[in-house]
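Subject: Structure handover

Dear colleague,

I am passing on the structure we spoke about, and below it you will find my notes on what came out of the analysis. Please read them with the structure open beside you.

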Amino acid sequence: MPKIAIYPGSFDPITNGHLDIIKRTQGLFDKVIVAVNNNPLKTFLFTAGERVEMIKELFSVSKGIEVESFQGLLVQYAKEKGVRFVIRGLRALSDFEYEFQMDLMNRKLNPDIQTIYLMTDQRYSYLSSGIIKEIVKLGGNAEGLIPDLVKEKLLEKFT
Ligand code: PNS
């Protein structure tokens, strides 16, 4: 049985912190499904299609990475995919409470699903998609924090 995990998130947009987590999961699982959340109640800068396409382009030569969007409950999506493992990255202590709440709720909804947490690389510990959007919008330098492709797409949105 291949070992498969889902790495869910908003990825609005994907950052080098996310990419680092994906690369690190590659040695642990045979396949990682990067699941782009498309919650109609949330406002995103990029459409789900744009977010999926960006990630696909970044991993075009990588084996074992699948990218798609999902709507609805994560545990439901995981069940439909037949996947039991979810990956989440942890940055600062401030992530803990939110992740703990999500994990408890997800396990209440489906006790078969286990979330595995990877600590962020320290280079990205202060990084978030939100802060990146602000930096690029205001003309700041996001060198080393996002791929060039993401920078281009952000500049397209902001000009
Ligand atoms: O990158 P994010 O915004 O921190 O990712 C959050 C995400 C998409 C993993 C989370 O909001 C989620 O799983 N949404 C799907 C809806 C759901 O299952 N909600 C209940 C979680 S307790």
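A word on terms before the details: a pocket here is an open set of grid points with protein on both sides within 12 Å along at least five of seven lines, and a residue counts as lining it if one of its atoms lies within 4 Å of a point. By that rule, the second largest pocket is lined by Met1, Pro2, Lys3 and Ile4, together with Lys81, Gly82, Val83, Arg84 and Phe85. Please keep in mind throughout that this is a predicted model.

The second largest pocket holds about 180 Å³ of space, and its lining is made up of 5 nonpolar, 1 polar and 3 charged residues. The largest pocket, for its part, holds about 1,000 Å³ and has a lining of 43 residues, of which Pro8, Gly9, Ser10, Arg88 and Tyr98 lie nearest the centre. By class, the lining of the largest pocket splits into 18 nonpolar, 17 polar and 8 charged residues.

A backbone N or O atom of Leu74 lies 2.8 Å from an oxygen atom of the ligand, while a polar side-chain atom of Arg88 lies 2.9 Å from a ligand oxygen, and a polar side-chain atom of Tyr98 lies 3.4 Å from a ligand oxygen. Taken alone, the ligand exposes 540 Å², and the protein buries 78% of that area.

Finally, I would draw your attention to the loop between S1 and H1, where both Phe11 and Pro13 are found. Phe11 has a positive phi of about 50 degrees, although Phe11 is not a glycine, and the peptide bond from Asp12 to Pro13 is cis, with omega near 0 degrees.

With best wishes

Note on methods:
Residues numbered from 1 in each chain as written. Predicted model: local features only at pLDDT ≥ 70, side-chain atom pairs only at ≥ 80, totals over all residues. Heavy atoms only, no water. 1 Å grid on protein atoms, 1.4 Å probe; cavity = no way out; pocket = protein on both sides within 12 Å on 5 of 7 lines; lining within 4 Å. Points joined across faces, edges and corners; volume = space filled by probe spheres on them. Nonpolar A, V, L, I, M, F, W, Y, C, P; charged D, E, K, R; others polar. Polar contact = N/O pair within 3.5 Å; in protein donor to acceptor, adjacent residues only side chain to side chain. Areas by Shrake-Rupley, 256 points an atom, 1.4 Å probe, with all protein chains shown as cover. Helix = DSSP H or I, 4+ residues; strand = E, 2+ residues; numbered from the N terminus.
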